[in-house]
Amino acid sequence: MNLDFMLLKTTSAAAVKGERNKGKILERQKAQELEQAMLSERELNPYWKDGGTGLPPERDEATSVKKVTAVEDAGLSWLRKSYQRMKEQAEREKRDFEEIVAERYGSMEIFQSRLEEAEKVASRNKDCDRIGRWKKSDYSKGEKEKTEQHMRKETGDEDDR
């Protein structure tokens, strides 16, 4: 009997898959290196140059977040617009206004507290802005009182609607 078949080299399926995976990984790495070399030559974005992520460093992100939080009116205009839209929705759907406020904000008290807080912050920001100004205020005292009365009248009329 001849045992020549035992002398043949055999490989398992796992070994064959491993070799294929190694080949694919090497190809991917080569493709990435070529792509990086092409990008860094002519890249205009400074954050992509030299293998960057495309985003500014983390320390810049912290300062940009601070700038975003210092909104002119602290969201007061947004809350007022939300109030107006909730009123319109209540009229359109013929539902109770407080139900709609509760759906969006949890309760009427929560919405009112947010609105009051935004008004306080907006008034503080307005006062701080006016301290350093060199020009006269935009309104005379009489005009300012008229606009305040008009705002009070509008908020009172909205309850009647």
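A residue counts as buried when its relative accessible area is under 20%, and as exposed when that area is over 50%. The exercises below apply to a predicted model.

**Exercise 1.** Determine whether Gln 89 is buried or exposed, and state which residues it contacts.

*Solution.* Begin with the location: Gln 89 belongs to helix H3. Next, take its relative accessibility, which is 12%. Because this value is under the 20% cut-off, Gln 89 is classed as buried. Finally, with neighbours within four places in sequence set aside, the contacts of Gln 89 are Lys 94, Arg 95, Ile 100 and Arg 104.

**Exercise 2.** Describe how the axes of H3 and H4 cross.

*Solution.* The two axes come within 9 Å and cross at roughly 130°. Angles over 145 degrees count as roughly antiparallel and those from 65 to 115 as roughly perpendicular; H3 is therefore oblique to H4. The handedness of the crossing is right-handed. Among the residues making the contact are Trp 78, Met 86 and Gln 89 of H3, together with Ile 100, Val 101 and Arg 104 of H4.

**Exercise 3.** State which element has the lowest mean pLDDT and which the highest.

*Solution.* The lowest mean, 53, belongs to helix H2 (residues 58-69), and the highest, 91, to H3. The chain average is 76, with 64% of the residues scoring at least 70.

Note on methods
Residues numbered from 1 in each chain as written. Predicted model: local features only at pLDDT ≥ 70, side-chain atom pairs only at ≥ 80, totals over all residues. Heavy atoms only, no water. pLDDT = per-residue confidence, 0-100. Helix = DSSP H or I, 4+ residues; strand = E, 2+ residues; numbered from the N terminus. Buried < 20%, exposed > 50% of the residue type's maximum accessible area, 1.4 Å probe, protein only. Contact = heavy atoms within 4.5 Å. Axes fitted to C-alpha atoms, helices over the stretch in contact; angles between N-to-C directions. Parallel < 35°, antiparallel > 145°, perpendicular 65-115°, else oblique. Left-handed = near helix turned anticlockwise from the far one by under 90°.
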